[in-house]
Amino acid sequence: MPDPLLSIENLRTYFYTDAGVARAVDGVSFHIDPGETVGLVGESGCGKSVTALSILRLIGSPGRIEPESRMRFEGRDLLRLSDEDMRRVRGNRIAMIFQEPMTALNPVFTVGDQIAEVARVHQRASKQDAWKRAVEMLELVGIPGPAERAKEYPHQLSGGMRQRVVIAMALVMNPALVIADEPTTALDVTIQAQILDLLKDLQRKFGTSILLITHDMGVVAETASRVIVMYGGEIVEQAPVDRIFVKPHHPYTEGLLGAMPRMGQERERLQTIPGTVPPPTNWPTGCRFHDRCQYAWDRTAHEHPPLYEVGPGHLSRCHLAEEPQHRLHPHEPLVAQKQEVAS
């Protein structure tokens, strides 16, 4: 087996605030192999985007990546690189596609200039060569009339085209890893499908690895080969994509899948997960999902579960792995009971 392209061990990213220490990412470990697409899923506030920013070392004050964290990329320890060496990695070997292209693109520069800047900074290309590269990238991502579009400003392009521009910027240097943070959230369904197809096509051409961050399990099913589910700043389940959709183990993953609309179920109510993700300054004791879980019992409220192996390549942070009988007696989650009392 080849060495992983990216290996993360015990990643802890904390923010030191007046309200207390926010443990946004709290002991996360995973890897990404060369040419692999890994889906990182979970609700807003579970730590997905902070994980991505940690990989790029873009955590500013009052945040800090704790000393016990380990991140190796292409055999190098990212946390030991100098700031200058890390800048060479960013945009060159690791690139990021941001969620909202209008905030990722500068409104006062043409899209061609913004793509060309990446080539000028990392390749030391001449202005003419960088512009030629920008036009080539726009053509590669399927923008019609790329030479003319390169002269336009972000506000002159549709949402789908702006997202293609952001993808072009990310791929200028043919990076080994692309981190795509909710790349289709702001787009309508038809354009979403086009962007996902584009990412898959580009991956086949260049062999790029992709970390796809999303809250949409449907996007993961379409794109990823392996799924990592985050909740409360930690990984709660990890499995091959075909297994997690057929046989999810963690109750949180069950809830995410149950909330997906399905063909032929138009008249059925979608399932919901009661409550919200708790604040990272005050993670619950025991299992961090226990107050929202329909299977919770005394042990889950007091004993923090490890990642149990529940199948081939399948890990789950749930005591049901040792006491599966509790799955036979679902009940009203604790948070729902509290809400009912409060009302």
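In which strand does I210 lie? The points below take up this question and then the backbone, the helix packing and the cysteines.

1. Basis of the note. This is a predicted model, in which local features need pLDDT of at least 70 and side-chain atom pairs count only at pLDDT 80 or more, while totals for chains, interfaces and linings use all residues. Residues are numbered from 1 along each chain as its sequence is written, and side-chain values use heavy atoms, with hydrogens and water left out.

2. Residue I210. I210 lies in strand 9, residues 209-214; helices (H or I, at least four residues) and strands (E, at least two) are DSSP runs, numbered from the N terminus. The relative accessibility of I210 is 5%, so I210 counts as buried. Buried means under 20% relative accessible area, exposed over 50%, and partly exposed in between, with a 1.4 Å probe and protein chains only. Apart from neighbours within four places in sequence, I210 is in contact with E36, T37, V38, L177, V178, L199 and Q203, where contact means heavy atoms within 4.5 Å. Between I210 and D3, which are 207 residues apart along the chain, the C-alpha separation is 16 Å.

3. Residue A224. The loop between helix 9 (217-223) and strand 10 (226-231) holds A224. A224 counts as buried because its relative accessibility is 9%. With neighbours within four places in sequence left aside, the contacts of A224 are T37, V38, G39 and V241. From A224 to E152 the C-alpha distance is 33 Å, for a separation of 72 residues in sequence.

4. Backbone exceptions. Most residues other than glycine have a negative phi, and most peptide bonds are trans. The bond from S61 to P62 is cis, with omega near 10°, and P62 lies in the loop between helix 1 (48-55) and strand 4 (63-65). R124 is not a glycine, yet its phi is positive, near 55°. R124 is placed in the loop between helix 4 (111-123) and helix 5 (127-140), and it counts as exposed at 74% relative accessibility. N174, also not a glycine, has a positive phi of about 50°. This residue, N174, is in the loop between helix 7 (159-171) and strand 8 (177-181) and is partly exposed, with a relative accessible area of 35%.

5. Helix 1. Why is helix 1 described as largely enclosed by the rest of the structure? The description applies because 6 of its 8 residues are buried. The buried residues of helix 1 are K48, V50, T51, A52, S54 and I55. After helix 1 comes R57, with a positive phi near 55°.

6. Helix 4 with helix 5. Two packed helices are described by the angle between their axes and the distance between the axes. For helix 4 and helix 5 the angle is about 120° and the axes are 8 Å apart. Axes are lines fitted to C-alpha atoms, for helices over the stretch in contact, and angles run from 0 to 180 degrees between N-to-C directions. Helix 4 and helix 5 are therefore oblique to each other; angles under 35 degrees count as roughly parallel, over 145 as roughly antiparallel, 65 to 115 as roughly perpendicular and the rest as oblique. On the side of helix 4 the contact residues are G112, D113, I115, A116, A119 and R120, and they meet K127, A130, W131, R133, A134, M137 and L138 in helix 5. By class, the residues of this contact of helix 4 with helix 5 are 8 nonpolar, 1 polar and 4 charged. Ala, Val, Leu, Ile, Met, Phe, Trp, Tyr, Cys and Pro count as nonpolar, Asp, Glu, Lys and Arg as charged, and the others, Gly among them, as polar.

7. Helix 4 with helix 7. The axes of helix 4 and helix 7 cross at roughly 20° and come within 8 Å. Helix 4 is thus roughly parallel to helix 7. V111, Q114, I115 and V118 of helix 4 form the contact with V165, A168 and M169 of helix 7. This contact of helix 4 with helix 7 has 6 nonpolar residues, 1 polar residue and no charged residues.

8. Cysteines. The whole structure has 0 disulfides, a disulfide being a pair of cysteine sulfur atoms within 2.5 Å. For C293 the closest cysteine sulfur is in C318, at 6.3 Å, too far for a bond. C293 is buried, with a relative accessible area of 8%, and C318 is buried, with 9%.
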